[in-house]
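Hi everyone, thanks for making time today.

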Amino acid sequence: MTKQLGAKVYLLEKKAVRRKYDREFDEEYDDTETERLLFASPEKLGYDVERIFWELEVNEDTRRWNDYGDEWRVEEHCARACQLYEAFTDCDNLKTLCMAYGINIEIPERLKHWEQWHHEDMEKTKLHEKTFEGILDKLRNEIHFRLPKNGFRLKFRHRDNSTEYKLTVVDLATDFIHAPGVVLDETSNDRANKKWEKYYKSEQYKIDQEEEARLRSERATYMGENGFSNFSCDGEKTYFW
C-alpha cells in the first residue's frame with residue numbers, strides 16, 4: 001500500500017441472499033453475493049454506512065408506516081413522533097448502529113407501545129419528536145465525519161431476500177487482515193463504476209448490445225402483429241397487453 005495507514009482499518013462485508021427461479025429445472029434457489037470493502041477514511045466509510053442507514057425502518061415513509069388499511073395507527077399529526085419512538089425502542093439495527101458510533105439513546109420517559117396509545121399518550125410522544133430527530137441527526141453527522149468506535153452486524157430481510165452487513169474494526173498493531181483484491185478506501189460506488197467501465201470497454205458489451213437490439217426488434221414486430229401497445233418484463237418473463 002502506498003498510503004500511510006493509521007492504527008486501525010475498517011472491514012465492511014456485505015452478504016446478500018436473493019431468492020431466484022431456475023426456469024430450466026423449474027425450481028427456486030438462493031443466489032448469494034458477497035462484497036468486501038476496506039476503509040481508513042471516515043468520509044469513505046461514511047458513504048457506505050449512510051447507504052445502510054437509509055435501509056433502516058425509521059426512514060420508511062411516515063404516512064405508509066401509519067396506514068393500517070381502514071384506519072390510522074395513530075393521529076396523523078403525532079405519526080412521525082410515534083414512528084421514531086417505535087424505531088428507537090424496537091429496531092435492533094438502529095440501536096446497534098447508534099452503539100457503534102457511541103450515541104446514547106436517551107428516551108425521556110418510558111411511553112406506551114403504539115397499540116396502547118390513546119390521545120393523551122400520542123400527544124405525550126409528540127412532545128419528544130425533536131429529541132428523537134436530534135438523535136437521528138447526531139447519528140447521521142457521526143456517520144459522515146467520524147469513524148465508529150465499535151464494529152457492528154446488521155440484518156435486513158424483505159420477503160425471501162436478506163442482506164447482512166458486518167463491520168470489523170481491525171487493529172493493525174495486533175490483528176492480521178487478509179483481503180486480496182480489496183482497494184483501501186474504495187467505496188461500493190467506486191467499485192461499481194470501475195466494474196461498469198471495464199464491461200463497457202469489453203467485447204461482451206458489444207455482444208450484449210447486439211442481442212438487446214435483436215430482442216427489441218422481435219418484440220416490436222410481435223406487438224405490431226398482435227395489436228399490443230404495452231409490455232412489461234419482470235426479469236424472467238415478458239407480458240404484453
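Let's begin with Glu-218, which has a relative accessibility of 43% and so counts as partly exposed, since that class runs between 20% and 50%. Please keep in mind that we are looking at a predicted model.

What does the side chain of Glu-218 meet in a salt bridge? The partner is Arg-214, with N and O 2.5 Å apart. The two sit 4 residues apart in helix α8, so about one helical turn separates Glu-218 from Arg-214. Arg-214 itself is partly exposed, at 37% relative accessible area.

Now look at Arg-214 again, because its side chain also meets Glu-211 in a salt bridge, at 2.4 Å from N to O.

The general idea is a friendly one: side chains of opposite charge can pair when their charged atoms come close. How many salt bridges does the count come to? The answer is 18.

Let me show you one that spans more of the chain. Arg-73 forms a salt bridge with Glu-86, and their closest N and O atoms are 3.3 Å apart. This pair links distant parts of the chain, 13 residues apart: Arg-73 is in the loop between α2 (62-66) and α3 (79-90), while Glu-86 belongs to helix α3. Is Glu-86 buried or exposed? With a relative accessible area of 17%, Glu-86 is buried, because the cut-off for buried is under 20%.

Next, helices that pack against each other. Two packed helices are described by the angle between their axes and the distance between the axes.

Take helix α4 (residues 92-100) and helix α6 (residues 129-145): their axes come within 10 Å and cross at roughly 55 degrees. That angle makes α4 oblique to α6. The crossing is left-handed. Which residues meet there? From α4 we have Leu-94, Leu-97 and Cys-98, and from α6 we have Ile-135, Leu-136, Leu-139 and Ile-143. Sorted by class, this contact has 7 nonpolar residues, no polar ones and no charged ones.

Now turn to helix α1 (residues 42-53) and helix α7 (residues 188-200), whose axes come within 9 Å and cross at roughly 90 degrees. That makes α1 roughly perpendicular to α7. On the α1 side, Lys-44, Tyr-47, Asp-48 and Arg-51 take part, and they meet Ser-188, Asn-189 and Asp-190 in α7. By class, the residues of this contact divide into 1 nonpolar, 2 polar and 4 charged.

Last stop: two backbone angles. Arg-159 has a positive phi of about 55 degrees, although it is not a glycine. You will find Arg-159 in the loop between β3 (152-158) and β4 (161-171). Its relative accessible area is 71%, so Arg-159 is exposed.

Asp-185 is not a glycine either, and has a positive phi of about 65 degrees. Where does Asp-185 sit? Look in the loop between β4 and α7. Is Asp-185 buried or exposed? At 9% relative accessible area, Asp-185 is buried.

Terms used:
Residues are numbered from 1 along each chain as its sequence is written. This is a predicted model: local features need pLDDT of at least 70, side-chain atom pairs count only at pLDDT 80 or more; totals for chains, interfaces and linings use all residues. Side-chain values use heavy atoms; hydrogens and water are left out. Axes are lines fitted to C-alpha atoms, for helices over the stretch in contact, and angles run from 0 to 180 degrees between N-to-C directions. Angles under 35 degrees count as roughly parallel, over 145 as roughly antiparallel, 65 to 115 as roughly perpendicular and the rest as oblique. Contact means heavy atoms within 4.5 Å. Ala, Val, Leu, Ile, Met, Phe, Trp, Tyr, Cys and Pro count as nonpolar, Asp, Glu, Lys and Arg as charged, and the others, Gly among them, as polar. A salt bridge is a side-chain nitrogen of Lys or Arg within 4 Å of a carboxyl oxygen of Asp or Glu. Buried means under 20% relative accessible area, exposed over 50%, partly exposed in between (1.4 Å probe, protein chains only). A crossing is left-handed if the near helix is turned anticlockwise from the far one by less than a right angle, and right-handed if clockwise.
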